[in-house]
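Please look at the sequence and the 3D structure below, and keep both in view while reading.

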Amino acid sequence: MNDISFLYSILMTDQVEETVKENQIELFKIIPELKYEVGFDHKHPHHHLDVWNHTLLALSLSIKDFDIRLVLLLHDIGKPFSYQEEDGIRHFHNHAEKSEKISKKILKRLGFKKEKIKELTTLIKYHDTEITDEDLNKNPELTLKRYEIQKCDALAHHPKKLEKRKKYLDEIKEKIKVI
């Protein structure tokens with residue numbers, strides 16, 4: 001089984017979080033950059049889990065779509081390499097761009113085609129960026145995937161800090177229904 005087939009086999013299960021955990025050693029062999037997420041504390045009030053467990057929770061909330069789940073697996077891979085600490089709180093300015101760059105190298109190494117790499121890394125780069133009306137009109141299919149990624153990512157944040165994120169998601173969901 002090649003690496004892409006392996007990723008597909010673990011990301012497309014009904015119990016994706018458990019399957020990823022069960023296959024973690026093999027997963028870290030093909031994507032060793034993920035190891036840095038394990039135990040890497042966000043040290044931020046909007047997060048209650050380390051980066052790896054946040055990623056696993058986001059995966060568990062996702063629909064059964066390979067692209068969405070692969071992006072969720074990689075969306076915060078740049079956090080351990082892009083944080084700034086101020087008064088004991090970590091901030092992750094530009095983590096999406098760092099995640100995009102790291103993911104591009106990973107996806108190339110794994111043998112994904114250029115067009116697919118561009119699509120996936122675009123989703124990674126903008127996973128934490130507000131979806132605009134222009135985005136919805138320009139590429140509805142990609143924007144729908146981005147919404148799903150944002151939803152899973154947001155719902156994996158600290159439960160006490162979700163109100164603003166849920167309001168944003170509800171507004172975007174209403175706009176998507178119109179298209």
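This is a predicted model: local features need pLDDT of at least 70, side-chain atom pairs count only at pLDDT 80 or more; totals for chains, interfaces and linings use all residues.

Helices (H or I, at least four residues) and strands (E, at least two) are runs assigned by DSSP and numbered from the N terminus. Residues are numbered from 1 along each chain as its sequence is written, and side-chain values use heavy atoms, with hydrogens and water left out.

A residue is called buried under 20% relative accessible area, exposed over 50%, and partly exposed in between, with a 1.4 Å probe and protein chains only. Phe112, at 12% relative accessibility, therefore counts as buried. Contact means heavy atoms within 4.5 Å, and, leaving aside neighbours within four places in sequence, Phe112 is in contact with Ile4, Phe66, Leu70, Leu107, Ile117 and Leu120. Its C-alpha atom lies 32 Å from that of Arg165, a residue 53 places away in sequence.

Two helices can now be considered together. Helix α1 (residues 3-11) packs against helix α5 (residues 66-74) at an angle of about 95°, and their axes are 10 Å apart. Here axes are lines fitted to C-alpha atoms, for helices over the stretch in contact, and angles run from 0 to 180 degrees between N-to-C directions. Angles under 35 degrees count as roughly parallel, over 145 as roughly antiparallel, 65 to 115 as roughly perpendicular and the rest as oblique, which is why α1 is described as roughly perpendicular to α5. On the α1 side the contact is made by Ile4, Leu7, Tyr8 and Leu11, and on the α5 side by Phe66, Arg69, Leu70 and Leu73. For sorting residues by class, Ala, Val, Leu, Ile, Met, Phe, Trp, Tyr, Cys and Pro count as nonpolar, Asp, Glu, Lys and Arg as charged, and the others, Gly among them, as polar; the contact of α1 with α5 then has seven nonpolar, no polar and one charged residues.

In soluble globular proteins, nonpolar side chains tend to be buried together. A nonpolar core is a set of buried Ala, Val, Leu, Ile, Met, Phe, Trp, Tyr and Cys residues joined through side-chain atoms within 4.5 Å. The largest such core in this model has 36 residues, and those with the most contacts inside it are Leu7, Leu11, Val20, Leu27, Ile31, Leu70 and Leu73. Two or more residues are given to this core by each of α1, α2 (16-22), α3 (24-30), α4 (51-60), α5, α6 (95-110), α7 (114-125) and α9 (140-155), and the largest share, seven residues, comes from α5. A second, separate core of eight residues includes Ile131, Leu136, Tyr168 and Leu169.

How many aromatic pairs does a search of the whole structure find? It finds three, where rings of Phe, Tyr and Trp (its six-membered ring) pair if their centres lie within 6.5 Å, and planes under 30 degrees apart count as stacked, over 60 as edge-to-face and the rest as tilted. The rings of Tyr8 and Phe66 have centres 5.2 Å apart and planes at 45°, so this pair is tilted. Because Tyr8 lies in helix α1 and Phe66 in helix α5, the pair ties together parts that are 58 residues apart in sequence. Tyr8 is partly exposed, with a relative accessible area of 43%, whereas Phe66 counts as buried at 14%. Phe28 and Trp52 form an edge-to-face pair, 5.3 Å centre to centre with 65° between the planes. Phe28 lies in helix α3 and Trp52 in helix α4, so this pair ties together parts that are 24 residues apart in sequence.

Some single residues complete the walk. His95, found in helix α6, counts as buried at 7% relative accessibility. Asp87 is found in the loop between β1 (84-86) and β2, and Asp87 is exposed, with a relative accessible area of 83%. Most residues other than glycine have a negative phi, but phi of Asp87 is near 55°, a positive value.
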